[in-house]
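Here is a report on helix packing and aromatic pairs. Please keep the sequence and the model in view while reading.

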Amino acid sequence: ALRPAFAMMSDAFAHYHRRSPRSNVCRIATIASFASQFLVPRVPEFRSLHPDVEIEFITSIRLIDLEREEADIAVRYGLGQYKGLVSTQLVKGVLAPVCSPVLLSRHGPDLHTLLVSARRIQTAGYNEWRDWSVQAGVDLETTSPAYVIEDFLVAIKGLVTGQGLALLPKILVSDQIASGELVQFSPIPLEVEHTYHTAHTAASARRPFVQDVVNWLQASAAHLN
């Protein structure tokens, strides 16, 4: 019964070991969906700009304590109100209506037919589809009930494999829209209050490479605003 707990403790100590103050490693704490969809594809660009700085990712759904744990920067999804931290909005809160091109060609392009024929994936507890339907001027009463996937990465996998429609943060799916792996089934996005923010302590900001990483994140996301 205790073995899993000791294993977690051992992993935590290994993951958050103390570093030299002169370390050139910048650790970014975030959730796996943001790391895989936005950060990792852009790491080569950062390395070309800052070859002397190494980036490490701490991916967890747990809210990392930046005051106590060995992370320099966090990228968080929320309202940006984090007590004791310097927080900056990374992008505007925009949910893009997306699906696979195969699904759209099979059931579209008529929006009503698409919504009746294809299953909706809901990722937010407050039901983002209800808000979007009001903004888009469509009736969802005659459509199939949405099924809930409260994980952006799992929802994206469902979309890519043609399992439905979703409203997802644009920053997470921008690369796949550009490549044609996903398409927007409607030109009407949904603006929301929740979005991604960079957060760090005032002490972390005094490390030159931390500001370099924050500036790079802001510049990389700027074209999505």
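## Aromatic pairs

Eight aromatic pairs turn up in a search of the whole structure. Rings of Phe, Tyr and Trp (its six-membered ring) pair if their centres lie within 6.5 Å; planes under 30 degrees apart count as stacked, over 60 as edge-to-face and the rest as tilted. This is a predicted model: local features need pLDDT of at least 70, side-chain atom pairs count only at pLDDT 80 or more, and totals for chains, interfaces and linings use all residues. Residues are numbered from 1 along each chain as its sequence is written, and side-chain values use heavy atoms, with hydrogens and water left out.

The rings of Phe34 and Tyr196 form a tilted pair, because their centres are 4.7 Å apart and their planes stand at 35°. This pair links distant parts of the chain: Phe34 sits in helix 2 and Tyr196 in strand 11 (residues 195–200), 162 residues apart. Helices (H or I, at least four residues) and strands (E, at least two) are DSSP runs, numbered from the N terminus.

Are Phe34 and Tyr196 buried or exposed? Phe34 is buried, with a relative accessible area of 0%. Tyr196 is buried at 1%. Buried means under 20% relative accessible area, exposed over 50%, and partly exposed in between (1.4 Å probe, protein chains only).

The rings of Tyr77 and Phe152 have centres 5.5 Å apart and planes at 85°, so this pair is edge-to-face. Tyr77 belongs to strand 3 (residues 73–78) and Phe152 to helix 6 (residues 152–160), so the pair ties together parts 75 residues apart in sequence. Tyr77 is partly exposed, with a relative accessible area of 31%. Phe152 is buried at 14% relative accessibility. Phe34, Phe38, Tyr77, Phe152 and Tyr196 are linked by ring pairs into a cluster.

Axes are lines fitted to C-alpha atoms, for helices over the stretch in contact, and angles run from 0 to 180 degrees between N-to-C directions.

| Helix pair | Angle | Axis distance |
|---|---|---|
| Helix 2 and helix 6 | about 55° | 8 Å |
| Helix 2 and helix 7 | about 55° | 9 Å |
| Helix 2 and helix 8 | roughly 120° | within 11 Å |

Angles under 35 degrees count as roughly parallel, over 145 as roughly antiparallel, 65 to 115 as roughly perpendicular and the rest as oblique. Helix 2 and helix 8 are therefore oblique to each other.

Take helix 6 again: helix 2 packs against helix 6 at about 55°. That makes helix 2 oblique to helix 6. Ala32, Ser33, Ser36 and Gln37 of helix 2 meet Phe152, Leu153 and Ile156 of helix 6. By class, this contact has four nonpolar, three polar and no charged residues. Contact means heavy atoms within 4.5 Å. Ala, Val, Leu, Ile, Met, Phe, Trp, Tyr, Cys and Pro count as nonpolar, Asp, Glu, Lys and Arg as charged, and the others, Gly among them, as polar.

Helix 2 (residues 32–49) packs with helix 7 (residues 170–179) at about 55°. That makes helix 2 oblique to helix 7. The crossing is left-handed. A crossing is left-handed if the near helix is turned anticlockwise from the far one by less than a right angle, and right-handed if clockwise. From helix 2 come Ser33, Phe34, Gln37, Phe38, Pro41 and Arg42; from helix 7 come Ile171, Leu172, Ser174, Asp175 and Gln176. This contact of helix 2 with helix 7 holds five nonpolar, four polar and two charged residues.

Ser174 lies in helix 7. At 12% relative accessibility, Ser174 is buried. Leaving out residues up to four places away in sequence, Ser174 touches Arg42 and Leu224.

Helix 2 passes helix 8 in a right-handed crossing. Phe38, Leu39, Arg42, Val43, Glu45, Phe46 and Leu49 of helix 2 make the contact with Asp212, Val213, Trp216, Leu217, Ser220 and Ala221 of helix 8. The residues divide into nine nonpolar, one polar and three charged.

## Whole chain

The protein chain has eight helices and 11 strands. Its C-alpha atoms fill a box of roughly 60 × 50 × 30 Å along the principal axes. Of the 225 residues, 44% are buried.
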